[in-house]
Amino acid sequence: MPLVFTGFRAAFGSIAIFAAVAQAPYQCASEVDPDRRVYEDPSEALYALAERFKASGDRRAQVDTLRFLVERYPSSRFARMARQDLEELGEAERPPGDGAR
């Protein structure tokens, strides 16, 4: 009898593990729609920070933040927006922190 019980327990354990794995949600490494994302992308946070500097009138901080964003995250959609903002500010060609106002 103990041999039957051991076999039943082994079979039941395998089925239980399979059932648990089959019901587990699969995590895909896909790009999440920005509108459904629950976290903030670093480039998005930097762009928002630059916007806050703009609202407070701190142009130098705004420009430096936009440049850092472009340098650090060059392929993000916020880097494209930052480049456009820098061009509008006439700051596209100057290196970060050069002291020009």
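This is a predicted model: local features need pLDDT of at least 70, side-chain atom pairs count only at pLDDT 80 or more; totals for chains, interfaces and linings use all residues.
Visitor: Which residues of helix 2 are buried?

Guide: They are Ser-43, Leu-46, Tyr-47 and Ala-50.

Visitor: What puts them on the same side of helix 2?

Guide: They cover an arc of only 100° around the axis, and therefore they share one side of helix 2. On the other side, Arg-52, Ala-55 and Ser-56 are exposed.

Visitor: Why is Glu-91 called buried?

Guide: Buried means under 20% relative accessible area. Glu-91 has a relative accessibility of 1%, so Glu-91 counts as buried.

Visitor: What makes the contact of Glu-91 and Arg-59 a salt bridge?

Guide: A side-chain nitrogen of Arg must lie within 4 Å of a carboxyl oxygen of Glu. For Glu-91 and Arg-59 the N to O distance is 2.8 Å, so the pair meets the definition. Glu-91 lies in the segment after helix 4 and Arg-59 in helix 3, so the pair ties together parts that are 32 residues apart in sequence.

Visitor: How do you know that Asp-64 forms a salt bridge with Arg-67?

Guide: Their closest N and O atoms are 3.9 Å apart, and the cut-off is 4 Å; the pair therefore qualifies.

Visitor: Which residues are linked in a network of salt bridges?

Guide: The network links Arg-59, Arg-60, Asp-64, Arg-67 and Glu-91.

How values were computed. Residues are numbered from 1 along each chain as its sequence is written. Side-chain values use heavy atoms; hydrogens and water are left out. Buried means under 20% relative accessible area, exposed over 50%, partly exposed in between (1.4 Å probe, protein chains only). Helices (H or I, at least four residues) and strands (E, at least two) are DSSP runs, numbered from the N terminus. The arc is that of the directions from the helix axis to the C-beta atoms.
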